[in-house]
Amino acid sequence: MPWSACFMAERTRGGSGRIGGGRGQERPGAATAAADRSAWDMAPGLDVGSGTRDGGLLNSYEAEPDRVAVIGSGNWGSVAARLAATNARRLPYFQDEVRVWVYEEKLSNGELLSDVINKTQENVKYLPNVKLGPNVVADPNLETAVKNATMLVFVMPHQFIEGICQKLKGKIRPDAKAISLIKGMEMGDDGPRLISREISEQLGIDCSVLMGANIANEIAVEQFSEATVGYRDDKETADKWVQVFGTPYFQVTHVQDVEGVELCGTLKNIVAIAAGLVDGLGMGNNTKAAIMRIGLKEMILFSKLLFPSVQDATFFESCGIADLITTCLGGRNRKVADAFSKHGGKRSFDELEVELLNGQKLQGVLTAKEVFGLLKAKDWEESFPLFSTVHAIATRHLPPSAIVEYSERAPRKIVLFNLYNFGAATSFPVSRRSVSPSKEERSVPPTQMSPSQLMEDARQIKNSASI
Ligand SMILES: NC(=O)c1ccc[n+]([C@@H]2O[C@H](COP(=O)([O-])OP(=O)(O)OC[C@H]3O[C@@H](n4cnc5c(N)ncnc54)[C@H](O)[C@@H]3O)[C@@H](O)[C@H]2O)c1
Ligand SMILES: O=P(O)(O)OC[C@H](O)CO
């Protein structure tokens, strides 16, 4: 795609977004290492994103350039650091250094990962053969990694976020802004909690999200991609996040729908597991497209049941349909589910994750479990046959083939009622005996989560699913 076309594009829904405008400047005195610089890096005079063009951002940064810290250094964390470092070098309103917190580990040659990153500018374990940039500093100490940072980028597997937030309490600037690149959610005693909410509540700071069709290895080699920033009400900060990450090859827009954007990124991982399962079964494109369609429908319904404010249009941004497609075609969730399926469900996801991903982590299996916990609590399973079946397969209560046998047409209640009320099913196939749920189980979801139209949609899905 020619960059000129990108520059002309009107980008931001509900904003004044425009690509181009030509105010971008090389930061005076910025570290330069021509060998490490992309064409974009070398191109002062171009700017990207949807932020205020004519001095707005620059003026607001004159007092103190922002300092970006990246918390997490896996596959995507390393690419996020590379993007932020590129922009920190070239834009005057960012401090040059981008510090990255590294979960320290010893490599097979005995060296520490953070030492190697600092020596080679390369995350040899999680993003080999890609230079992160001369201004990236790897720091295994969480406290010093975030010291004085005004912009905190959270990017790690979601299961670790709670512990990290605990450690960060009292260590960050109270005026810091956060963004979560984490695709996942948590189930607390009080119900589901999005990761951005967890960060916000634990640390008392604003937290936006960035999600999109973003297979990290492709962005690392600067193939054209898009992403969506979701923000709550602080558009100025959303503009800044666009400046932190946007490049001509990584087009970032923003929408005022933080929950919608985050739930897209979170839920698509469950659908990707389903897509991998059908791949492993040797099924073709039609089957995978059907899985993606059903999955998208469940993503929309689930998101709106949880947050009625979620906007339909969000599902058509990069964070929605585009991420669903790329993950189902080429992501890690798909890859491991494919292997699980090929092994007939005899080897666990945990085992295959270790074998296939070299320390990288899946999010889909855990997310399916967390989402299923809520479906069960609300008696929503029948309205979410694909999500429920993925969980039953991943926990090896159904065979991989159940993904096509049960998605959107089978008596999910039977399977899951058996699973949770009478102990786990031990052999396949699962009986189709009808089991009536109790009165309590039939109770409708709480009214604050179920606008009448949504519940009507849910009822329609439910009816079409029953046999
Ligand atoms: N990789 C991608 O293509 C991609 C793209 C978009 C979003 N994401 C999302 O970004 C998030 C982070 O994924 P990633 O790809 O950067 O990571 P990853 O899966 O590549 O790597 C796992 C990371 O977890 C760290 N880790 C291991 N044990 C830990 C612990 N106890 N505490 C803290 N950290 C620990 C490892 O050091 C490593 O940095 C996930 O939510 C993922 O869904 C990933
Ligand atoms: O590799 P996955 O399955 O974790 O997906 C990666 C990204 O989320 C794709 O946008």
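Ligand 2 sits among Lys183, Gly212, Ala213, Asn214, Ile215, Lys268, Asp323, Thr327, Gly331, Arg332 and Asn333, where being around it takes a heavy atom within 4 Å. This is a predicted model, in which local features need pLDDT of at least 70, side-chain atom pairs count only at pLDDT 80 or more, and totals for chains, interfaces and linings use all residues. Residues are numbered from 1 along each chain as its sequence is written, chains are lettered from A and ligands numbered from 1 in the order written, and side-chain values use heavy atoms, with hydrogens and water left out.

**Ligand 2**
- A backbone N or O atom of Asn214 is 2.9 Å from an oxygen atom of ligand 2.
- With Arg332, a backbone N or O atom is again involved, at 2.6 Å from an oxygen atom of the ligand.
- Asp323 uses a polar side-chain atom, which lies 2.6 Å from an oxygen atom of ligand 2.

**Helices 11 and 12**
- The axes of helix 11 (residues 285–306) and helix 12 (residues 318–330) come within 11 Å and cross at roughly 140°; axes are lines fitted to C-alpha atoms, for helices over the stretch in contact, with angles from 0 to 180 degrees between N-to-C directions.
- Helices here are DSSP runs of H or I with at least four residues, strands are E runs of at least two, and both are numbered from the N terminus.
- That angle makes helix 11 and helix 12 oblique to each other, since angles under 35 degrees count as roughly parallel, over 145 as roughly antiparallel, 65 to 115 as roughly perpendicular and the rest as oblique.
- Lys288, Met292, Leu296 and Met299 of helix 11 meet Ile321, Leu324, Ile325, Cys328 and Leu329 of helix 12, contact meaning heavy atoms within 4.5 Å.

**Helices 6 and 7**
- Helix 6 (residues 161–168) and helix 7 (residues 195–203) have axes that come within 9 Å and cross at roughly 20°, so the two are roughly parallel.
- On the helix 6 side the contact is made by Ile161, Glu162, Cys165, Gln166 and Leu168, and on the helix 7 side by Ile195, Glu198, Ile199, Gln202 and Leu203.

**Arg99**
- Arg99 belongs to strand 2 (residues 98–101).
- Its C-alpha atom is 8.3 Å from that of Asn135, 36 residues apart along the chain.
- Leaving out residues up to four places away in sequence, Arg99 touches Arg67, Val68, Ala69, Val70, Val137, Asp139, Thr144 and Ala145.

Key
Polar contact = N/O pair within 3.5 Å; in protein donor to acceptor, adjacent residues only side chain to side chain.
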